[in-house]
Amino acid sequence: MTSRVTLYHLRLIFGVVLLSLFMTSHASPLVRRNTGDATNYTPGLGSCGQTNTEADMVVAVHTPQCGKQISATYQGKTIKVKVVDTCPACAEGDLDLSPAAFGQWADASAYGPGRLHGVQWNYV
């Protein structure tokens with residue numbers, strides 16, 4: 001009889017531990033970090049249906065993600081931009097930034113066509 005009670009308690013404890021692990025893993029999902037190149041473009045009427053200017057902190061990405069916010073870091077400096085357009089010519093993981101956003105990291109004229117390598121970013 002004692003071994004049955006002990007086995008019951010072990011199963012109960014094991015169940016609680018599994019439930020705790022499940023709840024913890026779903027409470028704080030892993031953040032997917034993307035790495036790619038950043039280029040600059042002149043925004044206008046974007047594929048998301050809104051018009052933006054060169055002064056806006058906006059970005060175009062490869063696949064439609066209208067309205068999402070992105071936090072991007074290059075050489076230790078982080079910026080936040082809003083997705084307002086698509087960039088079919090961009091590779092998956094690349095960002096096409098407005099001049100205001102790109103200018104937070106570099107002067108486009110100092111980098112030829114305006115391409116920065118190794119930008120890390122994620123949706124926030």
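Reply: Let us begin with a definition: a disulfide is a pair of cysteine sulfur atoms within 2.5 Å. In general, a disulfide is a covalent bond between the sulfur atoms of two cysteines. Please note that the model shown here is predicted.

Me: How many disulfides does a search of the whole structure find?

Reply: The search finds 2 disulfides. With bonded cysteines counted along the chain, their pattern is 1-2, 3-4. One joins Cys87 to Cys90, with 2.0 Å from S to S. The angle about its S-S bond is 75°, and this link is right-handed. Both Cys87 and Cys90 are buried.

Me: Which residues does the other disulfide join, and what is its handedness?

Reply: Cys48 is joined to Cys66, again with an S to S distance of 2.0 Å. The link of Cys48 and Cys66 is left-handed, with -90° about the S-S bond. Cys48 lies in the loop between strand S1 (34–40) and S2, while Cys66 lies in the loop between S2 and S3, so the pair ties together parts that are 18 residues apart in sequence.

Me: Are Cys48 and Cys66 buried, partly exposed or exposed?

Reply: Here a cut-off is needed: a residue is buried under 20% relative accessible area and exposed over 50%, and partly exposed in between. Cys48 has 24% relative accessibility and therefore counts as partly exposed. Cys66, at 44%, is partly exposed as well.

Me: Which residues of the largest nonpolar core touch the most other members?

Reply: The idea is to look for buried nonpolar residues whose side chains are joined to one another. The largest such core has 18 residues, and Ile70, Leu95, Leu97 and Trp105 touch the most other members. Two or more residues come from each of strand S2 (58–61), strand S3 (69–74), strand S4 (77–86), strand S5 (95–97), helix H2 (99–102) and strand S6 (115–123). Apart from this core lies another, of 6 residues, including Tyr41, Val58, Ala60 and Cys90.

Me: Where does Trp105 lie, and what does its side chain meet?

Reply: Trp105 is in the loop between H2 and S6. Its relative accessibility is 12%, so Trp105 counts as buried. Beyond four places in sequence, Trp105 touches residues including Ala72, Thr73, Tyr74, Leu97 and Val119. Thr73 is 32 residues from Trp105 along the chain, yet their C-alpha atoms are separated by 9.0 Å. A polar atom of the Trp105 side chain also lies 2.9 Å from the backbone oxygen of Lys77.

Me: Is Asp37 buried or exposed, and which side chain does it join through a polar contact?

Reply: Asp37, found in strand S1, has a relative accessible area of 17% and is therefore buried. A polar contact of 3.1 Å joins its side chain to that of Arg115. Setting aside neighbours within four places in sequence, the contacts of Asp37 include Gly93, Leu95, Arg115 and His117. Leu95 in turn is in contact with Asp37, Val59, Ile70 and Trp121, among others.

Me: What share of the contacts joins residues at least 24 apart?

Reply: Among contacts between residues at least 6 apart in sequence, the share is 71%.

Notes:
Residues numbered from 1 in each chain as written. Predicted model: local features only at pLDDT ≥ 70, side-chain atom pairs only at ≥ 80, totals over all residues. Heavy atoms only, no water. Core = buried A, V, L, I, M, F, W, Y, C linked by side-chain atoms within 4.5 Å. Buried < 20%, exposed > 50% of the residue type's maximum accessible area, 1.4 Å probe, protein only. Helix = DSSP H or I, 4+ residues; strand = E, 2+ residues; numbered from the N terminus. Contact = heavy atoms within 4.5 Å. Polar contact = N/O pair within 3.5 Å; in protein donor to acceptor, adjacent residues only side chain to side chain.
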